[in-house]
Amino acid sequence: MDSTRRNFLWALSLLTLQGCALPPDRTSAARSSEPGQEPVLHVTWVGGPTMAISFGDLTILTDPVLGESFSMGDPNEPVDYRKVVQHHRSTPFSGIDPKVADLVLLSHAHEDHFDQQAWADLDRSLPILLPMADVRTVTAKGFRRVEGMQWGDTRRLAAGAGRAVIITAMPAHHSSEPKIAEALGKGNGYWVELTEGSWRRAIYWTGDSMPTEDVIAAARSRGRPDLLVPHVGGVGATGPFGLISMRASDVVALARAVQPRHVLPIHHSTYEFYREPISELAARSEGEAYRLDSIAAGSTVVYR
């Protein structure tokens with residue numbers, strides 16, 4: 001099948017499954033990638049920054065936030081932002097069995113991206129790829145297979161016969177202000193390539209990043225992503241650090257620069273400290289060249 005028809009099928013084969021079981025069934029995912037059939041990618045948004053990405057025999061769990069609440073300061077609080085409070089889910093948590101994960105991919109280790117329940121539930125032998133700056137923090141919690149990645153580092157993972165997932169660490173800045181970004185710690189975005197024979201798809205997951213010039217330049221240097229997964233929610237606008245996650249206008253600007261075919265926003269709605277409603281991105285995306293795949297937490301998107 002030629003590349004034009006593959007891209008056409010990619011655009012038309014999006015299927016949103018509301019209330020599906022978490023995570024996607026691996027057996028059916030692998031079966032759908034047998035010779036003669038189009039490969040299949042499942043992306044389940046668990047809520048917050050947490051996704052289950054399944055391709056072939058491999059399931060990647062991103063930024064696991066697995067509890068009904070987590071403890072952390074409030075970045076929106078202008079005065080007492082260091083005071084640790086409980087952040088409760090404002091949308092239902094449909095749950096996920098952490099045993100299905102083959103790998104954890106961390107954008108950074110702040111508690112709203114790697115919560116106390118995840119510390120308790122995840123197997124200490126589970127492989128974790130994460131920013132180099134967070135290796136000591138995560139190792140101190142007892143995780144034994146922790147591997148730091150600097151920006152530009154690449155890891156290749158087998159995903160079954162003839163299938164591979166290639167993960168590249170990308171620049172991510174928690175703030176557009178360099179001094180604030182440095183104070184908040186160096187995180188990663190990730191470029192995730194999925195391959196089977198001549199079939200290739202690329203996901204650009206931003207992590208907690210603002211669309212600075214170097215972030216955009218790094219993404220554009222890798223070509224056009226099939227799927228952009230941005231962290232939105234407008235966190236921090238009322239706090240001492242200022243904006244530390246993208247708003248809808250930032251996502252649209254980034255998407256215009258990197259030209260994804262699809263945008264799947266996460267990091268919104270699940271907690272009250274996500275201040276901008278996702279409806280703002282829906283409104284601003286009208287007439288844009290990409291398709292906005294805005295789904296409810298606990299739902300799966302299937303791409304071919």
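In this predicted model, Tyr 204 stands opposite Leu 228 in strand 14. Helix 6 (residues 213-220) packs on the sheet and touches strand 11, strand 12 and strand 13, a contact being heavy atoms within 4.5 Å. The direction of helix 6 makes about 160° with that of strand 11; axes are lines fitted to C-alpha atoms, for helices over the stretch in contact, and angles run from 0 to 180 degrees between N-to-C directions.

Three bridges join strand 13 to strand 14, and the two run parallel. Two strands pair if DSSP finds at least two bridges between them. The open sheet has seven strands in the order 10-11-12-13-14-15-16, with mixed pairing. Strand 10 and strand 16 are its edge strands, each pairing on one side only.

| Strand | Residues |
|---|---|
| strand 10 | 154-158 |
| strand 11 | 163-172 |
| strand 12 | 187-196 |
| strand 13 | 199-205 |
| strand 14 | 227-229 |
| strand 16 | 291-292 |

Helices (H or I, at least four residues) and strands (E, at least two) are DSSP runs, numbered from the N terminus.

Ser 279 is found in helix 8 (residues 278-284). Ser 279 counts as partly exposed because its relative accessibility is 47%, between the limits for buried (under 20%) and exposed (over 50%), with a 1.4 Å probe and protein chains only. Its C-alpha atom is separated by 9.0 Å from that of Ala 248, 31 residues apart along the chain.

The protein averages a pLDDT of 90, and 88% of the residues score at least 70; pLDDT is the predictor's confidence in each residue, from 0 to 100. Over residues 1-33 the pLDDT is below 50, and this stretch has 78 contacts in the model beyond near neighbours in sequence.

Residues are numbered from 1 along each chain as its sequence is written, and side-chain values use heavy atoms, leaving out hydrogens and water. As the model is predicted, local features need pLDDT of at least 70 and side-chain atom pairs count only at pLDDT 80 or more, while totals for chains, interfaces and linings use all residues.
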